[in-house]
Amino acid sequence: MAIRSFFLFILFFSSSLSPVFSLYEDQVGLMDWHQQYIGKVKQAVFSSQRAGRKRVVVSTEENVIASLDLRHGEIFWRHLLGADDVIDGIDIGLGKYVITLSSGGSILRSWNLPDGQMVWESSLQGPKHSKSFLLVPTNLKFDKDNVLVVFSNGRLHAISCIDGEVLWKKDFEAESFEVQQVILPPGSDLIHVVGFAALSQFEMYQINAKNGELLKHESAFFSSGFSGQVSLVSTETVVALDSTGSILLTISFQDGKISSQQTPISNLVEDSLGPAVIIPSSVSGIFAIKTDAVTIFIRVIGKGNLEVVEKTTHEIAVSDALSISEDQQAFALIQHASSEIHLTVKLAHDWDGNLLKESVKMDRQRGLVHKVFINNYIRTDRSYGFRVLIVMEDHSLLLLQQGEIVWSREDGLASIIDVTTSELPVERDGVSVAKVEHNLFEWLKGHMLKLKGTLMLASPEDMAAIQSMRLKSSEKSKMTRDHNGFRKLLIVLTRAGKLFALHTGDGRIVWSYLLRSLHKSEACQSPIGLNLYQWQVPHHHAMDENPSVLVVSRCGPSSDTSGVLSFVDTYTGKELSSLSLDHAVVQVIPLPYTDSTEQRLHLLIDADKHAHLYPKTSGALSIFKREFSNIYWYSVEDQNGIIKGHALKCKCTGEVADEFCFDTRDLWSVVFPSESEKTIATVTRKLNEVVHTQAKVVADQDVMYKYISRNLLFVATVAPKGSGEIGSVTPEESWLVAYLIDTVTGRILHRVTHHGSQGPVHAVFSENWVVYHYFNLRAHRYEMSVIEIYDQSRADNKDVWKLVLGKHNLTSPISLFSRPEVITKSQSYFFTHSLKAIAVTSTAKGITSKQLLLGTIGDQVLSLDKRFLDPRRTVNPTQLEKEEGIIPLTESLPIIPQSYVTHALRVEGLRGIITVPAKLESTTLVFAHGVDLFFTQLAPSRTYDSLTEDFSYALLLITIVALVAAIFVTWRLSERKELQEKWR
Amino acid sequence: MAPIARLLLLALLSTALTISSGSGDGYTINGRVKIPQGLGTKGFALPGKTSNVKVILNGGQIVTYLRPDGYFLFQNIPAGTHLIEVTAIGYFFSPVRVDVSARNPGKVQAALTENRRGLSELVLEPLRDEQYYEIREPFSIMSVVKSPMGLMVGFMLVVVFLMPKLVENMDPEEMRRAQEEMRNQGVPSLASLLPGGGRN
């Protein structure tokens, strides 16, 4: 104890105020890596530019528009739009502008294709919400100006492609009119707008594209109604389904006259199939319908005669049509066969003939093909070649050409839901290890080069050699555990239901696994992954077992659908087992106990407030029974503003005897008045956080005891009016209340009100303090506050020497019934930026000082020393306080550019920051994820326990050699001198 | 001249929109981000590269990008006090508080929140550029001397060259006494190891 405290003192004195995280430009990429993604592609448009590099422009579900290199799949440029700015459509205008329609069709933007610079932006309003369509006709001109046609919010616009000016607009104000298609045949200047009105009326408007004049309006009544989407089979014919989904309606409106034909599906296919849906496609003459099991392709012959061309039970994906010549359209079709996919390219009017038929081996872990985009090129022999871009179930993007995968992008990593870490295997004889250092000579040569670098003697080639040597260092990307604990596996769960293991050394994917339990099935309609937990972390008894993680998912968006558990081995990436639960999963509580095989006990709370224990083994049950009365948890009901505490009661009293199921009881509840407070944030301490010492030595050798409890909960509430955006409320009607609540007793330990403040609140809880970020409406600036909570019941043990010698009195009684004697200290500071995420560094033993990691609105991660958020800061600290390291109080927190952890990079779309301790006490690993991924190592108090990366061993060797040489020389000299003395 | 004309046009458009929207919650904020040439050229940020500059309203409610001439536009903004942030790698921008009042539409009051300076027009300039990397100091003899190895060498030099001088300057009587004492204690004498130490 004494030694430890001594160590602590040394740390106090050794830390200095200069920015701790600082990097030289040539150190970029040594300990950090950065990966850029775009997310699941929704729409892709190929640039048809002849000259220059081939590009494809894509829009994604992460609201990214990006231009990709068609040869390698790299990003030329990329823009992330706002969270509510969902992209509805993209296209390329005039061959050099990317046009995007977003925000439900209300924002139209144009971007320069080569460099991604925004050219113009216009806002499109309309009378009501509707589907939106973006058409970029190639030859529609208006005063030498190319025109875009946009239908959005119940209004048709013609917009200049050059500057985004609205040339004309036409409202479709009929109350119940729902637009289904906007058609502009190539070469024509008539726009057809078709849609449904009042559920059973088919409407067709013909509009002059030059001036927006309504030429014709026809409607027809269909008693059977409509369901779902319509498919366009020619420029003047659409196919729809009736409301029962069993009769196909072929509606044509040639020359402004509506004529129709009804064909029951049962006439086309013998066996009854149940209700069908139309798969929208743009291939002329052909459309597809899909029932539960079967996909049927139907050709339209002449005026409304239908003919089935293919019926398949395979999973199938169809591309849009691609015009390859004046009157020919091609499209691509992808079908699955066990481990291969079959790509066929057909002409629209010739189903049976294939232009191209290829089979491509496909990794099963990519799942099904979700989308296909086709593009053609002219081969050297002047025939057509085709390439297709496919989007897989795991959100990855692949380019297929000539039967091969040319490139692939793992864009599933753009939507990470949860992250955990796993250790790598211990280095053993059987484990293959990359060759590290070749021989002593090479090693020495490398270090000589480095020395040359430090002495500024290196030539540019030498510098390049040094840089590549440092970046390639095989040490950091080995597949075994290292001494310092820098090498780990980051296990991430993505929204697509895929698990990835990333190596912390270089960020490469070690394995990936598409969870079978997250596949759509009869029992589980729309499974979604929820969380990742460490299931088995072998270190003592079960050394030979591989570690594994638990993936908790549920079968639907609402919290009362049944849950699914999967257990995945983190070394091999194989699913060990999976369990379909018969109860829902509302809350998962990892318990701090493990059974004999180091499996961690988890308590799952279902919708009926029963607790279920996993793993279901007798060993786990006996451990659990021993701790039965020590298990408490809480739940937050956001809507009602209630926080409840729970404990276990007894075995389930249901009819089925299940010894792993327990009834629960409510212990306490805190009810916030709904008219004045609305909960917006709750934060607790991280479960695995280690606190080194409970005592804090202050300036005058006094000791303060931190109130350290795992059961503290921070809750922030705001006035209901102030829960909206900034600018929607005045300072007088908004306030923010922060609470510290003990989750075992339900006692409110501290409560503070910030008048004139509002959310969003980002908070982090660590040791005995909480830091939260909110908006101060009076100053109109962001503010950060800190609350520290100290235990007063041991205040008389103040002597620091008693503490150092381990003689202080620790036996003060703790009881639920007495109010804990605590005092809190708090302070507030201004902070410049909005935040997206906040985290705190965590180290192996909790000795190293803490840093806050702030994910700013600019998608950067800023590290800020916790000492800037110390409630004991004063404007003029005394000499003693200065020695202790207290910084003079300033109005706002400093932003030091060198302390940006992400240096000159952006983690686009930042969502979360995770810190994991390394084995080395000084170092913590930081992983930030959003659309991009970023990983680095941080040493909040500098690397006091290891040599820095740029430590020059060669200089050390040279010094030693020089010292030895000097000893010999001086020895000789002294001998000679002595001899001379004696001769005298 | 062209940007001014466009600005005027936008202003006209915006008032038109305000009227046409009817419900009274559509105002327009338009402004300009100006990154002075020369600032930041020594760093990594590409001067004049405006395509990655984002302008963010109210902490992420609306995100927009700059036009080539640096102008940006927020449309359909309700009356109230708003916050605009500009993010650009390599530059530090102060957030700007913008008051959009219902009484006189089109008139925008703006102030930097960092230094509470009012803006007569909404032209946002970086307060300073941000240097994310430490600058490697050029090689100097002092840095070598200050390094642990340098200190070792320095100490050795002191011992080799200064100690004999000290010993020489000592009174021979005292020296002898000290040596006697050491010999009595059986400690190997430092002086005997040193050149000149064995003289007596």
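Biologist: What makes the pairing of Arg299(A) and Glu307(A) a salt bridge?

Modeller: The closest N and O atoms of Arg299(A) and Glu307(A) are 3.1 Å apart. A salt bridge is a side-chain nitrogen of Lys or Arg within 4 Å of a carboxyl oxygen of Asp or Glu, so the pair qualifies. This is a predicted model, in which local features need pLDDT of at least 70 and side-chain atom pairs count only at pLDDT 80 or more, while totals for chains, interfaces and linings use all residues. Residues are numbered from 1 along each chain as its sequence is written, chains are lettered from A and ligands numbered from 1 in the order in which they are written, and side-chain values use heavy atoms, with hydrogens and water left out.

Biologist: Is Glu307(A) buried, partly exposed or exposed, and why?

Modeller: Buried means under 20% relative accessible area, exposed over 50%, and partly exposed in between (1.4 Å probe, protein chains only). Glu307(A) has 32% relative accessibility, so it is partly exposed.

Biologist: What makes Arg78(A) and Glu908(A) a salt bridge?

Modeller: Their side chains meet at 4.0 Å, N to O. The two residues are 830 residues apart in the chain, with Arg78(A) in strand β5 (residues 75-80) and Glu908(A) in the loop between α7 (879-884) and β63 (912-917). Helices (H or I, at least four residues) and strands (E, at least two) are DSSP runs, numbered from the N terminus.

Biologist: Why is Arg78(A) called buried?

Modeller: Arg78(A) has 10% relative accessibility, so it counts as buried. Glu908(A) is buried too, because its relative accessible area is 8%.

Biologist: How do the side chains of Lys644(A) and Glu637(A) meet?

Modeller: They form a salt bridge at 3.6 Å, N to O. Lys644(A) is buried at 17%, whereas Glu637(A) is partly exposed at 22%. Elsewhere, salt bridges that share partners join Arg78(A), Lys836(A), Asp859(A), Glu908(A), Asp932(A) and Lys54(B) into one network. A search of the whole structure finds 33 salt bridges over all chains.

Biologist: Why is strand β57 of chain A said to be largely enclosed by the rest of the structure?

Modeller: Because 8 of the 8 residues of β57(A), which spans residues 769-776, are buried.

Biologist: How do you know that β57(A) and β58(A) pair?

Modeller: Two strands pair if DSSP finds at least two bridges between them. β57(A) and β58(A) (residues 781-791) have 8 bridges and run antiparallel.

Biologist: How many bridges join β56(A) to β57(A)?

Modeller: There are 7, and the strands are antiparallel. His762(A) stands opposite His773(A) in β57(A). This hairpin has 2 residues between the strands, with Glu767(A) at a positive phi near 45 degrees. β56(A) also holds Pro760(A), and the peptide bond from Gly759(A) to Pro760(A) is cis, with omega near 0 degrees.

Biologist: With which residues is Thr421(A) in contact, leaving aside its neighbours within four places in sequence?

Modeller: Contact means heavy atoms within 4.5 Å. The partners of Thr421(A) are Lys488(A), Leu489(A), Leu490(A), Ile491(A), Gln534(A) and Val916(A). Thr421(A) lies in strand β36 (residues 416-423) and is buried at 14%.

Biologist: Which residues make the nonpolar surface patch of about 320 Å²?

Modeller: Leu444(A), Met448(A), Leu957(A) and Ile958(A) make the patch. Helices α3 (440-454) and α8 (953-983) of chain A each give two or more residues to the patch. Patches take residues with over 30% relative accessible area and no salt bridge, joining like charges within 9 Å and nonpolar side chains (Val, Leu, Ile, Met, Phe, Trp, Tyr) within 5 Å. Accessible areas come from the Shrake-Rupley method with a 1.4 Å probe; for residues, only the protein chains shown count as cover. Met448(A) has 41% relative accessibility and is therefore partly exposed.

Biologist: Why does His903(A) count as buried?

Modeller: Because its relative accessibility is 1%. His903(A) also has a positive phi of about 35 degrees although it is not a glycine.
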